[in-house]
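User: I'm new to this one and would like a close look at a single part. Please pick a piece and walk me through how it sits among its surroundings.

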Amino acid sequence: HSCRCDASPESSKRTHMKRVALVLAAGSGSRFGSDKLSAPFRGEPLVHHAIRAALKAPAERAIVVAHPALDLSAFNNIEIVRLTSTALSDSLREGLDAAGYVDALFVFLGDMPLVPHDIAAQLVEQIGSAYAAMPRHGDKLGHPVLLSHAAFADLRLLEGDAGLGKLLRTSKDVVHVDCPSPHIHTDVDKLETLITLERETQTLR
């Protein structure tokens, strides 16, 4: 699927901006019943698909915040931050710290394996000077999210399992980019979800 924007492109200085793609992969997967990020999907661990999507983003670096046991040895082009905490806010802060000074930060979720690889570039095209940009399918917003530098201080104030939703709901300066793929919403919380997704993608291939 390709993604279509609903706003005119901003061409300012985006080509010179420093961006990092962050993959959040430190969660416990308690509802899944085991380490869901290592569960096989399309012949490789689930999290590998999210990492590949992040590597396709227009960013200088890709950083994965991962729990200590997650095997990421298949990749030699990512930076890995190990984190024992499963709190979403801790993952976001650790990722931001590892990124250092950047103009913008993509946030991908490790349990979303089917995010279209072209959506990140569309977010860059549309964010302009806004607080953030995120994809939309129908009337529902999804991932990945592109945060501008203006959002970083607010991100650091998050606590516990509070994610980006709280920040993005309270800001009126968020650009929405229309995307025909429903997979900007597709996350894997339960084993049944993974089995269903595997069956669907085998049918499509």
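Analyst: First, a word we'll need: a residue is buried when its relative accessible area is under 20%, exposed when over 50%, and partly exposed in between, using a 1.4 Å probe and protein chains only. Keep in mind that this is a predicted model, where local features need pLDDT of at least 70 and side-chain atom pairs count only at pLDDT 80 or more, while totals for chains, interfaces and linings use all residues. Numbering starts from 1 along each chain as its sequence is written, and side-chain values use heavy atoms, without hydrogens or water.

Helices here are DSSP runs of H or I with at least four residues, strands are runs of E with at least two, and both are numbered from the N terminus. Eight of the 10 residues in α1 are buried, so the rest of the structure largely encloses this helix. Those eight are Leu46, Val47, His48, His49, Ala50, Ile51, Ala53 and Ala54.

Leu72 touches both Val47 and Ile51 (contact means heavy atoms within 4.5 Å), and its other partners beyond four places in sequence include Val64 and Ala66.

His48 also sits in α1, and at 7% relative accessibility it counts as buried. Beyond four places in sequence, His48 contacts Asp71, Ala74 and Phe75.

Now for Glu44. Its side chain meets that of Arg52 in a salt bridge, 2.7 Å from N to O; the term means a side-chain nitrogen of Lys or Arg within 4 Å of a carboxyl oxygen of Asp or Glu. Glu44 is buried at 18%, whereas Arg52 is partly exposed at 35%.

The whole structure has six salt bridges. Another joins Arg136 and Asp178 at 2.8 Å, N to O, linking strands β7 and β10 across 42 residues of sequence.
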